[in-house]
Amino acid sequence: MRCIVCREIADASDEHVFPHAIGGNLIVKNVCSCCNRKMGHSIDSHLAGNFLVQMTMLALQIPGSDGRPKTSFYNRAAVSEDGRHFEYVFGSDGRPTRVRHPFIFTETPLSTGKTKVEVTADIDDMRRMLKAINGKRRKLALPEFGPEELVEKMQIIEMGAPAQRLKFTIDFDRLSIAMYKIAYELAHLWIGPAYANDEWAEKIRTELIEATRGEYSTRYIKNIRVVGTDTRTYDAFHDKPTFNIAFLKVVQNRIFAHIRILNTLQGDFLVSENADRYKAFVPKIVLDDARSHSYEILTLKAIYGRLYKQIMQE
């Protein structure tokens, strides 16, 4: 097998067209294990780790590759708008069940020469709090506290639901590379081996290789955006937010890949400027359901027929 990325002869691997981490199921076997691994780390990760994608997966209860919905909040302390530190506690379904205060141990020297020790912790961390305080008291040759004494000296504060303002940035260059990888693999799958000699195939391949080295080019600007308005084809699946969708379509002798990720991000990517070269090419669409772990490949003609029936029934 000749790898479509490095162009070397190597053993095939299971390459997920849509990243496995966002529920991708369609697999191709024309990428070597080395390129598969590099693209997973340097390319797919920017799509799987995107904040909007993770929040969508959490809201829709779509499990990631570890079996639970992905979110940026796992094992991470946060700060509320009024300056309070807290952590989210998640249930087995990936949804936050409550917030907890992180364990904070502070020592403040006083003008008297003494040291003020404060321990702020969640009520569930009583044992850890007692251990930390008694460890400090032993060093000072002071008697240790028992659980009852600790409770007497504690000040219990009800935190309530913290208000948090989230700020995030979207690196469209790296997202574009991640989505262009999807377009490139679909072009090879549906256009066939002849696509390897396409001028645009070589441009995309070069960008993918550079991205695996940490170099993210902006030479070929892509049209990627947060979902706002839909195309006619996407409208037929507006009620399927758990789908990753992509299709190849001919427009004025050029072949474009249109990609939508979980009804959150979408983009249009040029894959060839010479559609006439591929006489046997049939425009197709893949509907990859992240929740049911299944996918369907149809011709665009079949999709338009389904859309026509849908319109006539309304």
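Arginine 7 sits in the segment before strand E1 (15-16). The model is predicted. In it, arginine 7 has a positive phi of about 65 degrees, although it is not a glycine. Its relative accessible area is 27%, so arginine 7 is partly exposed.

Glutamine 61 also has a positive phi, of about 55 degrees, and it is not a glycine. This residue lies in the loop between H2 and strand E3 (77-79). Glutamine 61 has a relative accessible area of 23% and is therefore partly exposed.

## The chain as a whole

The protein chain holds eight helices and 13 strands. It has 314 residues, and buried residues make up 44% of them.

Sequence separation is the next topic. Take the contacts between residues at least 6 apart in sequence: 56% of them join residues at least 24 apart.

## The largest nonpolar core

In soluble globular proteins, nonpolar side chains tend to be buried together. Here the largest nonpolar core has 58 residues. Leu47, Leu186, Tyr195, Leu248, Ile259, Ile261 and Val271 touch the most other members. Helices and strands both contribute: H1 (33-48), H2 (51-60), H5, H6, E9 (243-251), E10 (254-261) and E11 (265-272) each give two or more residues to this core. Which element gives the most? Helix H5 does, with 12 residues.

Isoleucine 261 is worth a look. Leaving out residues up to four places away in sequence, isoleucine 261 touches Phe18, Ile22, Leu47, Val53, Met179, Ile182, Phe243 and Asn244. A second core is separate and has eight residues. Among them are Phe243, Ile245, Phe247 and Leu287.

## Helix H5 against helix H6

Two packed helices are described by the angle between their axes and the distance between the axes. H5 covers residues 172-191, and H6 covers residues 199-212. They pack at an angle of about 135 degrees, with axes 10 Å apart. H5 and H6 are therefore oblique to each other. The crossing of H5 past H6 is left-handed.

Which residues make the contact? From H5 come Ile177, Tyr180, Lys181 and Tyr184. From H6 come Trp200, Ala201, Ile204, Arg205, Glu207, Leu208 and Ala211. By class, the contact of H5 with H6 has eight nonpolar residues, three charged and no polar ones.

## Helix H1 against helix H6

H6 also packs with H1. Here the angle is about 85 degrees, and the axes are 8 Å apart. Are H1 and H6 roughly parallel or roughly perpendicular to each other? An angle from 65 to 115 degrees counts as roughly perpendicular, so H1 and H6 are roughly perpendicular.

On the H1 side, the contact is made by Lys38, Met39, Ser42 and Ile43. On the H6 side, Leu208, Ala211 and Thr212 meet them. The contact of H1 with H6 divides into four nonpolar, two polar and one charged residues. Leu208 and Ala211 of H6 take part here, and they are also in the contact of H6 with H5.

Arginine 213 is in the loop between H6 and strand E8 (223-226). Is arginine 213 buried or exposed? Its relative accessible area is 59%, so arginine 213 is exposed.

Lysine 38, one of the H1 residues that meet H6, is 175 residues from arginine 213 in sequence. In space, arginine 213 and lysine 38 are 8.6 Å apart, C-alpha to C-alpha.

Technical notes:
Residues are numbered from 1 along each chain as its sequence is written. This is a predicted model: local features need pLDDT of at least 70, side-chain atom pairs count only at pLDDT 80 or more; totals for chains, interfaces and linings use all residues. Side-chain values use heavy atoms; hydrogens and water are left out. Axes are lines fitted to C-alpha atoms, for helices over the stretch in contact, and angles run from 0 to 180 degrees between N-to-C directions. Helices (H or I, at least four residues) and strands (E, at least two) are DSSP runs, numbered from the N terminus. Angles under 35 degrees count as roughly parallel, over 145 as roughly antiparallel, 65 to 115 as roughly perpendicular and the rest as oblique. A crossing is left-handed if the near helix is turned anticlockwise from the far one by less than a right angle, and right-handed if clockwise. Contact means heavy atoms within 4.5 Å. Ala, Val, Leu, Ile, Met, Phe, Trp, Tyr, Cys and Pro count as nonpolar, Asp, Glu, Lys and Arg as charged, and the others, Gly among them, as polar. A nonpolar core is a set of buried Ala, Val, Leu, Ile, Met, Phe, Trp, Tyr and Cys residues joined through side-chain atoms within 4.5 Å. Buried means under 20% relative accessible area, exposed over 50%, partly exposed in between (1.4 Å probe, protein chains only).
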